[in-house]
Amino acid sequence: MKVAEAVGRALYAAGVGQVFGVVGSGNFHLTNAMVAAGSRFVAARHEGGAATMADAYARMSGTVAALSVHQGPGLTNAMTGIAEAAKSRTPLLVLAAEVTEPRSNFYVDQEALARSVGAVSARVTSAEDAVTEALDAVRRAVCERRTVLLNLPLGVQALDVPDVLAGESALAFVPLERAPVEPEFADVEALARVLEKSRRPVFVAGRGARSPGARDALVALAERHGALLATSAVARGLFHGDPWSLDVSGGFASPLAAELIQEADLIVGWGCALNMWTLRHGRLIGPDTTVVQVDDDASALGAHREVHLGATGDVELTARRALETHDANRQPQQGEQAQQGHQAQQRQQSRQGFRTADIGAAIAARVRWRDVPYDDTSTRERIDPRTLSIALDDILPAERMIGVDSGNFMGYPSMYLSVPDENGLCFTQAFQSIGLGLATAIGAALARPDRLPVAALGDGGAMMGAAEFDTVRRLGLPMVVVVYNDDAYGAEVHHFGPDGHPLETVEFPPTDIAAVARGYGFEAVTVRTRADLKAVEDWLAGPRSAPLLVDAKVVADRGAWWLEEAFRGH
């Protein structure tokens, strides 16, 4: 058995069941070996799209996924998607063929490429060690939550693996899950004391809290201490349906959410980076607010801002330990029940803080962006993106999976379209590259086939990733692609335009993206008014035998609210 086949079989046995890529001569045998072993392979039209599909699939499935690329240009084509995955700490395995002769036209320093974007580099070095080295790469991707580039030199791929090493017995000790990190007792005690003192706490949950178990633990702890609940953008939907949820904290936050977070005397970040986006460059932190961060990676604590208390531990375990500590501290000794009961009642009254009837009513009425009044600037030729998004929110089924691209438009689908839970929005924005949205929606759709996939794109990102329209059609995905089309790179238009700078480099002639989509086999509709969305309702009511693209001609009269916040950090 050749190394390429042995590694492919080993990777499947280790749990790598989904592979995306573009196959060339260098990764042909490896990819086919994985498929023969049982992995599902999805061929993208560009390596950049394949990388983002793999990233999104891993995020939404909770499993490690693989990207398979050709040596040299195959890898360089994929680097933007790999950078996004690496910055997001997505457990992703990049399988790249490699030439080691510098005189080859395919030669690049692939190890340096990986290192430059924050990925981990590994290499298969010999026939004897090939399977072990491949499994080590899987272990690192899963257990350290890293994007790992596994270089496979062409010469080594063609070697014969000794028969004794080619069997699957070598796979027995592959860990398939990251073990939860138990918090230190002292950290839990300190957290419990801070929570006990707080009168207006806010919990902000991030990617590290995206699990049903963590949600339940955080909701229980928040109820115990009267905390309001919020998330970072990547964890949006985690507290969907909770009456004390503020939705998203940061640049996307609604006016009421921002106001209440600023009034907090304690902000606890749970598996959340607490970066400039989540806390609006620190402006959501009051002058006397205590900031606490809980993360299972000690290096994340205080990485983006100073915190008063950092606790290393799994989010769910830490929250449950804090609950247990609170309950233990509340057990009255014999003869103290009456006094403690009176004190507990006084504490509850004094700490009612955020969880009052008035605040609850305000949250119910005004915390969602779609409930915030606005002046509709729609015309007969172009629709206000807020009006468009609210209408789509009403039309599309609630069980949806939204993939969002980057750009001026991105806040509208991210915040105006509701999601059923933390698995309803795939937000690949750590690198803030445009052009990733369609591939994001494809990968997420394959991970969650039970939901309607919705890709929300700007016209710039749609045209960048247009090759993957073919992948949507080829896979038979019943996807809705919504293009917020303002015929420009809107972020730059609204950032530089008010100062009188020339905008010819960032504006484009009108493009009939609906016609482009039809060429790929889509059904398509051009939307200029609310009435034009009747075609979307008809598609939803029909067989959905072909994907649908909505070319929405949106007004471009001003920049999005979130854009003003974003550019303050540049």
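Leaving aside neighbours within four places in sequence, Val99 is in contact with Gln71, Ser104, Phe106, Tyr107 and Leu154, in a model that is predicted. Val99 belongs to the loop between strand S4 (92–98) and helix H5 (110–116), and it counts as buried because its relative accessible area is 11%, under the 20% cut-off.

**Buried residues in loops**

- Val99 and Leu154 are 55 residues apart in sequence, yet their C-alpha atoms are 6.1 Å apart in space, and Leu154 is also among the residues in contact with Val99.
- Asn27 is placed in the loop between strand S1 (18–21) and helix H2 (28–37), and it counts as buried because its relative accessibility is 1%, which falls under the 20% limit.
- The side chain of Asn27 makes a polar contact with the side chain of Ser68, at 2.9 Å, and, when residues up to four places away in sequence are not counted, Asn27 touches Val22, Ser68, Val69, His70 and Ala97.
- Gln429 lies in the loop between strand S14 (425–426) and helix H17 (437–447), and with a relative accessible area of 9% it is likewise buried.

**Nonpolar cores**

- The largest nonpolar core has 54 residues, of which Leu67, Ile82, Leu438, Met479, Val481 and Leu549 touch the most other members.
- Val481, one of these residues, touches Leu438, Ala455, Leu457, Phe469, Phe522, Leu548, Leu549 and Val550, with residues up to four places away in sequence not counted.

- By residue class, the lining of the second largest pocket divides into 23 nonpolar, 12 polar and seven charged residues.

**Cavities**

- Rolling a probe the size of a water molecule over the atoms shows where empty space is left.
- The count comes to two cavities of 30 Å³ or more, and the second largest cavity has a volume of about 30 Å³.
- The lining of the second largest cavity is made up of Leu75, Met79, Ile82, Gln110, Leu113, Ala114, Ala119 and Leu149, and the elements that give two or more residues to this lining are helix H4 (73–87) and H5.
- The lining residues of the second largest cavity divide into seven nonpolar and one polar, with no charged residue.
- Ile82, which lines the second largest cavity, is also named among the residues that touch the most other members of the largest nonpolar core.

Terms used
Residues are numbered from 1 along each chain as its sequence is written. This is a predicted model: local features need pLDDT of at least 70, side-chain atom pairs count only at pLDDT 80 or more; totals for chains, interfaces and linings use all residues. Side-chain values use heavy atoms; hydrogens and water are left out. A nonpolar core is a set of buried Ala, Val, Leu, Ile, Met, Phe, Trp, Tyr and Cys residues joined through side-chain atoms within 4.5 Å. Buried means under 20% relative accessible area, exposed over 50%, partly exposed in between (1.4 Å probe, protein chains only). Contact means heavy atoms within 4.5 Å. Ala, Val, Leu, Ile, Met, Phe, Trp, Tyr, Cys and Pro count as nonpolar, Asp, Glu, Lys and Arg as charged, and the others, Gly among them, as polar. Helices (H or I, at least four residues) and strands (E, at least two) are DSSP runs, numbered from the N terminus. On a 1 Å grid over the protein atoms alone, a cavity is a set of points where a 1.4 Å probe fits but cannot get out, and a pocket is an open set with protein on both sides within 12 Å along at least five of seven lines; lining residues have an atom within 4 Å of a point. Grid points are joined across faces, edges and corners, and a volume is the space filled by probe spheres set on the points. A polar contact is a pair of N or O atoms within 3.5 Å; within protein, one must be able to donate a hydrogen and the other to accept it, and residues adjacent in sequence count only if both atoms are side-chain atoms.
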